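The points follow local features, helix packing and the relation of the copies.

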There are 2 protein chains.
Amino acid sequence: MIIETINGPQNLKNLSINDLNILSSEIRETLIKKMSKCGGHMASNLGVVEITLALHTVFNSPIDKIIFDVSHQSYVHKILTGRKDAFLYEEKYDDVSGYSNPEESVHDFFNIGHTSTSISLACGMAKARDLKGEKENIIAVIGDASLDGGESFEALNYAVELGTGLIVVVNDNDMSIPENHGALNRLLNELRDNNGVVENNYFKSLGFEYILVRDGHDLDALIGAFEKVKGTNHPVVVHCCTQKGKGYIFAEKDREKWHWARPFLIETGEYYGGVPAENYGAIVAQFLLEKINNDSDVVVVTASTPLCIGFNAENRKKAGKQFIDVGIAEQNALSMTAAIARRGGKPVFATNSTFYQRAYDQIEQEMCISKCPATMIVTHASVYGHTNDTHAGLYDMTLMANIPNLIYLAPANKEEYLAMLDWSIDQTLAPVAIRVPWTGVHHVQREIPKDYSITKYDTVVKGSKVAIIALGGFFQLGENVVKKLYKETGVSATLINPRFITGIDKSTLDGLKSEHILVVTLEDGIINGGFGSKIAQYYAADDMKVLNKGFSMNIPNRYVPSEWMSENRLHTDQIVEDIKNILCKKYRGNYLNNS
Amino acid sequence: MIIETINGPQNLKNLSINDLNILSSEIRETLIKKMSKCGGHMASNLGVVEITLALHTVFNSPIDKIIFDVSHQSYVHKILTGRKDAFLYEEKYDDVSGYSNPEESVHDFFNIGHTSTSISLACGMAKARDLKGEKENIIAVIGDASLDGGESFEALNYAVELGTGLIVVVNDNDMSIPENHGALNRLLNELRDNNGVVENNYFKSLGFEYILVRDGHDLDALIGAFEKVKGTNHPVVVHCCTQKGKGYIFAEKDREKWHWARPFLIETGEYYGGVPAENYGAIVAQFLLEKINNDSDVVVVTASTPLCIGFNAENRKKAGKQFIDVGIAEQNALSMTAAIARRGGKPVFATNSTFYQRAYDQIEQEMCISKCPATMIVTHASVYGHTNDTHAGLYDMTLMANIPNLIYLAPANKEEYLAMLDWSIDQTLAPVAIRVPWTGVHHVQREIPKDYSITKYDTVVKGSKVAIIALGGFFQLGENVVKKLYKETGVSATLINPRFITGIDKSTLDGLKSEHILVVTLEDGIINGGFGSKIAQYYAADDMKVLNKGFSMNIPNRYVPSEWMSENRLHTDQIVEDIKNILCKKYRGNYLNNS
């Protein structure tokens, strides 16, 4: 196979168009095979095979610099830049990450995982190049959906003023994760349909030269276009129309399903294994659709991640005008959500933990300083969420629980989650965020409060000496610690479900002082500035000892959850051991000392 | 005067154009008089007198909703909506804030202080209106510079898909805080010069109807345009060209100086009182210009706030191509800064503490996960910075000191500041942020380290029992506490200048255990998730008592620094009192107990 001869872009330079087309097929076959075993960003990579081949044929990487936006579509680039073995051979599948990664190759310049930054990064590289008086080409490859993110515009708006050579390749596959949205999507379709000629061209309005490649799978056309812009002394957009999922019939037909594939049977396109019958996506979607049916003020808002709350195409249709997807534009989504609440609507915004950080300013300013009573659902906020460092769901508490006026809730089970959501949607007191427990769907028989306006912890088990405050998705871990600690030491610990990440339940904490010497906090997030840090600060000048259990902020790339738990001493055994050490020291070797 | 008869927009409805013009003059006179006494956003408010008058003449506020972007230009709106007395009468000057404020008036809907959010907020209000089947007009008033912020684009891009009536009034005064930047600025000028007709109209490309009002001070034209778009069922932009500073000759001539005025003599335009001869703006500008002269890789980057590092027009000119202002577009600025560093440049970005939160994602992802060795200067990070809640400079440590790979430094004096900056610019290890001590320019005779790659605290005074860890701008407060504590109790406290906000100097902290019982941290920021919280967590399971001194996260609007210090028990006397209480409790009434 030709693919086996490609050890770097230099091996492409003398291939004929015919060879390159054969290579395209080989790459697609390789991608499909690997992803059928490991899963991955399927549809986007199948769509950029020819663009990537043409770029590496025309340009001279790594002298010329190609920057992939989000970089979930950089698999082909990895194959062509010395990393083919990690795609060809099963035993090497884990050698590369799913995103661009400077530690892997000199052809990658940044660890990228969030959208809409590539044009800015290209502007910065171009500026440094110019200061040094050098001349290489700098190319940003960006999908149409990533153009919706505000930073893309900021960079396009600035590029002309930068006044230098810069190439933006728009990979227009007419899709975001679900369908794409917004005026730009419509405009790109118009350009597609009208051979690149429209009355008001967005890119030209911002001073870019504009070139259309109508068929982004036509290697001749792509190479021709890239040759034309090579060495440009001004900013230029090459708009390439592609088919997301190209070459795998199932992916071409259902592009949303195949945006990120789980392992599947190649012949049928069926995923191995199912989704657990009980999962928070389906549960909350059903709950929200009922709310929507009963109240025309309720509206669900997302920024291209509707599936995180189970809003698949069918549910989106059911919600009708009471569902909004603004595209990958979290800042707009959060400000809109705030304003819907201020005008008397009942908005529920949802996205993954990691994407909330893209709109911190809007949450802090528009939502919280202005006290707009909207609801934000935070998903994937867990060590068991995404394991790529760029997508870690472990920072949200540090970010959001230190914002004034926000009520940030951490349900530990389904019943609490829905009760909190029900309360939040109808209340008009404050902005509310709810951190979905991502460790599985658990249930509880206890009576659940209906009102969450005042920070009140739930003392589930009353004990002494040690109190375990186990937050949200780590509540069950807390239960296990209590059991094991009793078994090993005879100490009956108190177990608390705090339910609130923001605020401090002083009465509960003060109440612990008389019969406890140690408070242990468990949280599924980084401990720096997180939930436990508030408890540590509260007791800091008292005699109470505090042990904060959570994750270190330096999250490794592609961690294995159980290993990362272990390194942070978060397995039940480890926690019990650490508690015993403190008790032992305090009581001079006797866990049950009553002095 | 007519202005005295205006108790709300209803009083405008029957005024003739002649009366409205007289009222314009009265408003300008009122604004100039008030700002000459109190300072304020001078030039922007003088520029929007007629736009605001025309809006309130044509529309029916508060049923119709007018949302001012940034809202620093809402003084005229306040005068017209029942708050004139706060501008007319000196004893009432303090009755209103400088930004829109729902607590002041039903005509204000949000507490707004950061740019580029108004179109999103208008979209959200329009969505809620439509869900309720109501019909009011919703109007966003946005300056040309605020259009550069990505969120404005996100909202413009989404508005057409929202498919409903929405009015965006662009107040084009051709300025940001300094001169405006970017392609859009050029485009707006072209539209100005060509009677609204250009080949590729940005607003039309995004599906907006576009209307030009060539003279934004012509009340007839403005009222005509607003009447035309009133009741629109689709999104429309009304582009109004205005003169920033209109009606005050000095402000018309030097718009940057008059963006935010200090109190001044009306006749001459001279500010009362000068800037202190020694100030960090001038000091760092001189330092950076020298670096720029000696090294063509050094480049200073800002996002419309060059004055925070003393880069006035003269210094910007001196820096030439080694200075970049991207406009109010922090996300683009931070990603560019990261990429300049990755490509071998030596970028120094600078802005106010409060604006870093607009690019958290870029700092965390592009800058820090990718380990790009750039420098970020953080100014106004202090209780003595801006006192409006939307601009408080007290959150940055919670945000930034919990980001992996970042080195966040807190110099306590000029010598440390420049040594850190010097080191940071040339190092290639990590991204570095420097928090400028905003409590005044202090000096030190001690020898200052040249390398800041490893977290190492500086023990300035060795004592016992109590250790004061006094960070950055609060170091001098720490010195005062040590003195007063000795005087009142005879306790000679240890005094530490930690220099590092990130990381923990374990060796120093462990060393304190043997002869100290209390560690007090002082920080000029919120204590939630801040510097002190790391120290509290470090000692949480030990016997060491910790007292974190800093600010509560619920920062009041328009606080008075000394009062807010007092409420947080941060005056020297209060800190000493709190230390004495802890010592007393521990030693049963005897500060010097040696048991």
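1. Strand β15 of chain B, which spans residues 465-470, contains Lys465(B). In this predicted model, the phi angle of Lys465(B) is near 70 degrees, a positive value in a residue that is not glycine. The backbone at this position may be inspected in the display.

2. Two cis peptide bonds should be noted, one in chain A and one in chain B. In chain A, the cis bond joins Ser61(A) and Pro62(A), with omega at about 5 degrees. Pro62(A) belongs to the loop between α3 and β1 of chain A. In chain B, the bond from Ser61(B) to Pro62(B) is cis, and its omega is near 10 degrees. Pro62(B) is located in the loop between α3 (49-58) and β1 (65-68) of chain B.

3. The loop between α3 (49-58) and β1 (65-68) of chain A also holds Phe59(A). A pair of aromatic rings is described by the distance of the centres and the angle of the planes. Phe59(A) pairs with Phe226(A) at 6.3 Å centre to centre, with 45 degrees between the planes, and the arrangement is tilted. Because Phe226(A) lies in helix α10 (residues 219-229) of chain A and Phe59(A) in the loop, the pair ties together parts that are 167 residues apart in sequence. Over all chains, the count of aromatic pairs comes to 41.

4. How do helices α1 and α4 of chain A cross, and at what angle? Two packed helices are described by the angle between their axes and the distance between the axes. The axes of α1 (residues 17-38) and α4 (residues 75-83) of chain A come within 11 Å and cross at roughly 115 degrees. The two helices are therefore roughly perpendicular to each other, since angles of 65 to 115 degrees count as such. The crossing of α1(A) and α4(A) is right-handed.

5. The contact between these helices can be described residue by residue. From α1(A), Leu23(A), Ile27(A), Leu31(A) and Met35(A) take part, and they meet Tyr75(A), Val76(A), Ile79(A) and Leu80(A) of α4(A). The residues of this contact comprise eight nonpolar, no polar and no charged.

6. Chain A is superposed on chain B by a rotation of 180 degrees with 0.0 Å of shift along its axis, at an RMSD of 0.0 Å. The two copies are thus related as by a two-fold rotation axis. Of the interface residues of chain A, 100% are also interface residues in chain B, so the copies meet through the same surface.

Definitions and conventions. Residues are numbered from 1 along each chain as its sequence is written. Chains are lettered from A and ligands numbered from 1 in the order in which they are written. This is a predicted model: local features need pLDDT of at least 70, side-chain atom pairs count only at pLDDT 80 or more; totals for chains, interfaces and linings use all residues. Side-chain values use heavy atoms; hydrogens and water are left out. Copies are superposed by least squares on the C-alpha atoms of residues with pLDDT of at least 70 in both. Contact means heavy atoms within 4.5 Å. Axes are lines fitted to C-alpha atoms, for helices over the stretch in contact, and angles run from 0 to 180 degrees between N-to-C directions. Helices (H or I, at least four residues) and strands (E, at least two) are DSSP runs, numbered from the N terminus. Angles under 35 degrees count as roughly parallel, over 145 as roughly antiparallel, 65 to 115 as roughly perpendicular and the rest as oblique. A crossing is left-handed if the near helix is turned anticlockwise from the far one by less than a right angle, and right-handed if clockwise. Ala, Val, Leu, Ile, Met, Phe, Trp, Tyr, Cys and Pro count as nonpolar, Asp, Glu, Lys and Arg as charged, and the others, Gly among them, as polar. Rings of Phe, Tyr and Trp (its six-membered ring) pair if their centres lie within 6.5 Å; planes under 30 degrees apart count as stacked, over 60 as edge-to-face and the rest as tilted.
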